[in-house]
Amino acid sequence: MSVDEDARWLEWVTKQFESIAGDDKEIDLDEFKTALKVKESFFAERFFALFDSDGSKTISLDELLKALDLLIHGSETDKLRFLFQVYDVDGSGSIDPDELRTVLKSCLRESAISLPEEKLDDLTLALFESADKDNSGSITFEELKAELETFPEVMENLTISAANWLKPPVVDQKKRQTPRYLTASYWHNNSRKLLFLMAYMLLSIALFSTAMWRSKEGGPWYMLARGCGQCLNFNCTLILVLMLRRCLTWLRATWVVKVLPLDQNVLLHQIVGYAILFYTLLHTCAHLFNFAKLSESGEFSFWEYVFTTRPGIGWVKGTASVTGVILQVLIFLMVICSMTFVRRSGHFEVFYWSHLSYVWVWTLLVIHCANFWKWFVVPGLVFLLEKIVGMARSRMGSLYITEVNLLPSKVTHLVINRPQFFQFKPGDYVYINIPAIAKYEWHPFTISSAPEQSDTLWLHVRSLGQWTNRLYEYFRQPDLHNSPKRLSASLRKKRQGSQEVLFCSTDCLGTVASNEDQAVELTMYRHNGTRPELSENGIKSVQNQLGQTERGEALNHKEVPSRFGENHRFCNIKCYVDGPYGTPTRQIFASEHAVLIGAGIGITPFASILQSIMYRYRMRKQNCPNCNYSWCENIKDGDMKLRKVDFIWINRDQKSFEWFVSLLTKLELDQADEEPEGRFLEMHMYMTSALSKNDMKAIGLQMALDLLAKKEKRDSITGLRTRTQPGRPEWGKVFQKVSEEKKGKVHVFYCGSPALAKVIKAECENFGFNFYKENF
């Protein structure tokens with residue numbers, strides 16, 4: 001820090017200290033815990049003991065500044081000495097295994113990571129054996145320093161990151177930067193959307209001006225009302241065109257997708273909705289002023305003009321004013337109920353039911369305006385045809401939810417029998433109606449199974465609103481276990497397999513079924529209820545037992561929940577499915593280097609995509625006839641141009657990884673062999689609740705996790721080979737690495753929270769990557 005920065009920081013810390021210490025000008029342990037914002041009291045107590053240099057059980061401002069000066073301005077050796085003292089609980093000058101275990105246990109709690117006691121022992125031994133170079137049975141400061149220096153990323157910024165009140169204030173950057181919307185990269189990446197909006201604005205101006213010119217005899221307020229009315233004719237039709245889902249899905253497969261911003265249809269729908277509200281308010285205000293002027297010299301009063309049909313205004317029995325008032329109220333309610341704070345606050349049903357009033361809006365518009373039907377007739381007929389086709393297709397065949405698995409964080413995994421005529425692309429979504437939950441409600445969800453999975457359709461539903469919570473609670477009812485329909489479903493499952501072999505290994509318990517028509521299906525169960533995949537040796541063992549060695553390539557892993565777990569059950573619940581509908585992710589197979597980013601349950605479209613990608617990948621895989629070596633010579637072809645896929649999954653907690661851990665394990669097994677040009681699919685897992693590697697409260701844990709992962713070739717948190725990274729991705733570094741790989745044009749596909757989407761999109765623009773956000 002410079003002298004000025006030091007002065008500002010000192011002033012900042014002094015103010016923060018005074019606000020916490022109170023009148024006695026001292027901070028006790030409880031106040032220190034509150035200020036430090038730690039979950040585990042162990043670290044607060046250790047930090048407090050080291051800050052309290054005089055042993056008075058309180059910390060003065062001088063003691064605090066002295067300790068902070070060491071942590072912020074001190075050398076790496078000074079910081080490491082402080083860290084060593086935190087770990088040396090008994091103050092003996094060395095760290096024994098029990099002390100290290102105590103520290104790591106506190107690290108796990110601080111990072112919200114839950115591991116069995118045996119795994120904690122393994123972590124402790126892995127770190128202790130690595131650091132105890134002389135095998136003396138204890139770790140000295142020099143040994144700890146030598147061990148830490150093998151992790152250069154840890155040494156970059158050794159801090160207590162959770163203590164926000166200890167951090168120096170952020171200095172405002174005086175350097176002016178070019179606004180994002182004026183940069184060349186922004187215009188390049190948003191060219192189709194911007195050109196469409198420019199055309200939309202020019203057409204609106206032309207319609208407004210033409211209508212005003214034709215109505216110039218009526219005075220300025222009448223001219224304004226007519227101009228807005230003509231724009232409303234156009235916008236109330238365009239908003240319908242932007243939601244013709246079947247037509248847009250079909251257009252995504254044509255050259256039109258390169259010209260029109262079809263992937264931005266939801267955003268454009270929202271923009272047009274706000275434009276309709278603006279024109280409606282202006283149109284109404286103009287008519288009110290015009291009515292006020294007419295009432296001064298006419299035979300009707302102002303209120304008669306507004307709320308009655310007596311003046312005879314309008315082409316259907318003088319109802320223009322009355323229908324206009326009703327339209328104003330309906331449009332205002334539709335816009336308010338479609339706001340983000342309504343849809344994202346667990347009240348999706350409010351948005352859903354209020355939006356259904358579009359039928360009344362269009363009906364009243366036909367009555368209200370003499371010319372609206374001319375704009376509406378063709379799009380309206382197409383919309384009606386889409387609805388009829390959707391209703392017919394949704395009721396063709398007998399669709400039933402045959403299996404349900406209740407996953408962590410209130411996620412409901414639905415398995416639906418897939419009809420033969422139902423064809424979809426990876427990443428598509430459907431509307432589902434379950435009469436047992438709500439007879440008339442349809443809700444959109446991304447399909448999480450691959451198109452190549454011909455017998456079933458998967459949906460993963462996160463409980464965030466009334467309908468989704470009712471769905472989760474419905475399948476928690478114990479009486480579903482006793483449903484007679486469950487026995488029918490179970491019988492169908494048993495008839496699918498002609499033989500069943502049970503085996504037990506050190507890792508898992510599995511079931512293998514096969515017949516003449518189907519490939520072998522493996523279903524594995526962990527002892528704690530989750531479902532890891534088999535190792536390569538386990539797969540070969542099963543194949544040999546079944547005499548299926550020659551059919552090894554046909555082995556098909558399928559993520560099926562435990563038949564005996566309390567969170568899984570067979571059922572026979574009637575449902576209706578409308579779709580599928582396309583999304584921006586349909587562009588993925590036209591990409592060369594795809595980066596898939598899922599935040600939380602935003603992994604669902606990528607679960608389908610990854611399965612489909614790896615299915616096509618396996619179809620192109622070559623095997624040496626003389627050995628077990630396999631490779632993929634050239635994956636780039638007409639159907640799939642992909643040369644590289646990076647998959648990034650960001651979760652808040654550990655349990656969320658259980659949603660798709662077996663699928664990801666299977667994908668890792670598919671790439672057991674190294675490719676000549678590097679791995680085709682790379683996975684990157686991030687857990688945001690876990691403290692970063694350079695945080696003093698997590699350094700030991702992250703080092704131990706790294707060491708044990710290298711030893712066991714498996715991550716302790718997820719069970720995957722891919723190491724789970726703590727904290728949030730540094731997008732600049734992530735995209736820099738992607739850019740340096742030079743695998744072709746990079747396309748970034750994202751599904752998750754809108755706030756994170758803005759951050760990622762801005763970084764994509766800096767690197768010139770195309771960005772696609774999943775929306776429907």
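Q: Is Lys644 buried or exposed?
A: In this predicted model, Lys644 is buried, with a relative accessible area of 2%.

Q: What does the side chain of Lys644 meet in a salt bridge?
A: Glu682, at 3.3 Å from N to O. Lys644 lies in strand β15 (residues 644–651) and Glu682 in strand β16 (residues 681–687), so the pair ties together parts that are 38 residues apart in sequence.

Q: And Glu682, is that one buried or partly exposed?
A: Glu682 is partly exposed, because its relative accessibility is 23% and buried means under 20%.

Q: Which Lys in helix α27 does Glu682 pair with?
A: Lys737; the two side chains form a salt bridge at 3.8 Å, N to O. Helix α27 covers residues 731–741, and Lys737 is 55 residues apart from Glu682 in strand β16. Lys737 counts as partly exposed, at 42% relative accessibility.

Q: Which residues are linked in that network of salt bridges?
A: The network links Lys644, Asp646, Glu682, Lys737 and Glu741.

Q: Why can such side chains pair?
A: Opposite charges can pair when the charged atoms of the side chains come close.

Q: How accessible are they, starting with Lys410?
A: Lys410 is partly exposed at 33% relative accessibility. Glu473 is partly exposed too, with a relative accessible area of 37%.

Q: How many salt bridges does the count come to?
A: The count is 17 salt bridges.

How values were computed
Residues are numbered from 1 along each chain as its sequence is written. This is a predicted model: local features need pLDDT of at least 70, side-chain atom pairs count only at pLDDT 80 or more; totals for chains, interfaces and linings use all residues. Side-chain values use heavy atoms; hydrogens and water are left out. A salt bridge is a side-chain nitrogen of Lys or Arg within 4 Å of a carboxyl oxygen of Asp or Glu. Buried means under 20% relative accessible area, exposed over 50%, partly exposed in between (1.4 Å probe, protein chains only). Helices (H or I, at least four residues) and strands (E, at least two) are DSSP runs, numbered from the N terminus.
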